[in-house]
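Work through the exercises below with the structure open. Try each task before you read its solution.

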Amino acid sequence: MTNLKAVEGLDTLTRSLAQRTPEQLAVLLTRHAEPLARQPAATQLRGLAGALWSYETLHHLVLHLDHPRLQVLAAAARISQERAGRAAPAPAPGADYQSLMAHRLSFPQLATEPVPPEDVYAALGAATPGPARTAAETALRSLYEDGLAAPAGDGTIVVPPRIPQLLAAHDLGPFAAHAPRPTPDDTGASAVRPALAPTSPYDESRAAAATLAATVERLLASLATQPAALRKSGGLAIREIKRLAKAAGATEPHTRLLLDLTLAADLIALTRTPAGITALPTGAYDDWLTRPPGERLAPVLAAWSALWAVPTHTPFGETPTALIRGHDRHAPALRHALLAALADVPLGADAPLPPLPQPASAEEHRGTAPLKALLKAAAWHRPLAISGQPMAEDRAAHTLHEAAYLGLTAHGTLTPLGRALLADPQSLDEPLRDLLPPLLEQAHFQADLTAVVPGRPAAALAELLASSADRESEGHAVTWRFTPASVRRALDTGRTADTLLDGLTAASVTGALPQPLGYLIQDTARSHGRMRVLPAACCIRSDDEALVAELAAHRALRDLGLRAIAPTVLVSGRPPAATLEALRAAGYAPALESDTGTTTVERLPTHRTRPANPARDPGAALTLARRLLGPAGENQEAAQRSGA
């Protein structure tokens, strides 16, 4: 049975949407892009109104309402529902079953009657001017802007009909105009300890961001060289997570976090191969490498704010994994609520991070008093994402640790980067540009065969040093060490002594290289390629007959089954790759040769795939808004320009 009153409510919302300019409607479409994307694409304003007030969209949107907006919406819906129940005609005596069911499914269960704003304010205890009244009026205007309520022509409020059903199980408590303090009253005096923190939140954030940028770079470089295979049941196996954690220099929980963030940022994607599903970088990774450090981190941090999961949190009894689709729709609202609550904590509070619950314990984790107080304050910002949610304290503790790792919080409050993310996750380029210094194009080469970059190296410099030296340290300065094995690795990729010396000299701050480094490269080059590995399953040849005899008698090479077929040729029972590996492990410097006699250049494999979600057109929302509004929208846009 069609509820005519509910249809009239959609008409009111449609008229309200039609009064907006294309820019205003585009803001609404952008703000609700995710839930609207789950609905059929709207071709008319009436279709957009229906999508906004559908139960599925509302379920997503109300999670992101703060306490005043949720209270105003709930009060208006409750009053509207009561009025609808009183206005519904009673079933006639002796009515049949069909009539009784139609009555039951009609007005009494829906909010379908317009409500005067004064009735809502009175129900919230905000009938008289004051802070409560101001907060309620501001909340109502915000609901109008978000399309979660619509003003009728006579000034009354029309709300989505199914709001009472959506909020029936939630106890919102009394109306509060302002968020409670994020620290408990009995410990507030001891919690404020100014000037005790050894570093400022800005310094902590800068150090965390620098470490994060380097870690993400190493993680993606490892995936580009060796894609990670997913389990048949989905997600990465523990052994793959351990491998990637070692390559990235991060803990396993942080590796799971970064994998999910880079997947959400479209820097990696899942692709199906004959061997199964693998994770590897997308084409966007190559462009990402050319950007400054700040621009690299911006999409990663923006992905964290919207991620439908708490990657470092694994419920008891589940196996930690990564790269699975998140289903925790409360996670983005929980993050926002915690950051918003921490924004009210003054500098100098220096509250420690809450302890993480032990996953091996089946006992319920009991949060500390500061965490409980923080959750109480956070619940004002996003009530439905915290109040009554299972494992709220566990998930909040892991979320706070993730925020600290990402440089968003420090010493119990938000860093400048955290405040920027809270204000607009899509506008982080400038704060990150100020936070991270520019990439360095040159290094300091020293006589002890090390190269030091006092900051973050550019991609070209990092590639050059990584191909010819071993990374020794990481931090504010990055150190590489040159060894015979590392120089031989560069020669294996096709470089010659001259090209390597030229490249390193151009990358030197002084424009010259220390003499010991030049000697090392020349000496390694002279011995490089004295023997050749042929792909004949396979053969080893060398013009040095003494060297061939030495290889044939070498105990460490017995597994190769070497046999001399000529004074300068040996036959190996192992494939070329295994033979090369064994020779290099024994301290020799072979080169790979093709069947035509030319040296084969060995390069590390690189893998790319297409992103799962192509980047959206930034102007798509405005284009859709203009199409939905039609000529009326153009007239409103012109009138606004002339008025300005």
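Leu323 sits in the loop between helix H16 (293-306) and helix H17 (331-343); helices are DSSP runs of H or I with at least four residues, strands are runs of E with at least two, and both are numbered from the N terminus. This is a predicted model, where local features need pLDDT of at least 70, side-chain atom pairs count only at pLDDT 80 or more, and totals for chains, interfaces and linings use all residues. Residues are numbered from 1 along each chain as its sequence is written, and side-chain values use heavy atoms, with hydrogens and water left out.

**Exercise 1.** Is Leu323 buried or exposed?

Solution. Take the cut-offs: buried is under 20% relative accessible area, exposed is over 50%, and partly exposed is in between (1.4 Å probe, protein chains only). Leu323 has a relative accessible area of 3%. Leu323 is therefore buried. Now check the backbone. Phi of Leu323 is positive, about 65 degrees, and the residue is not a glycine. Most residues other than glycine have a negative phi.

**Exercise 2.** Find the loop that holds Asp266, and classify the residue.

Solution. The loop runs between helix H14 (252-264) and strand E4 (268-273). Asp266 has 18% relative accessibility, so Asp266 counts as buried. Its phi is also positive, near 65 degrees.

**Exercise 3.** What is the strand order of the open sheet of three strands?

Solution. The order is E3-E5-E4, with antiparallel pairing; two strands pair if DSSP finds at least two bridges between them. Strand E3 (228-229) and E4 are the edge strands, each pairing on one side only. Two bridges join E3 to strand E5 (residues 276-281). Ala228 stands opposite Ala279 in E5.
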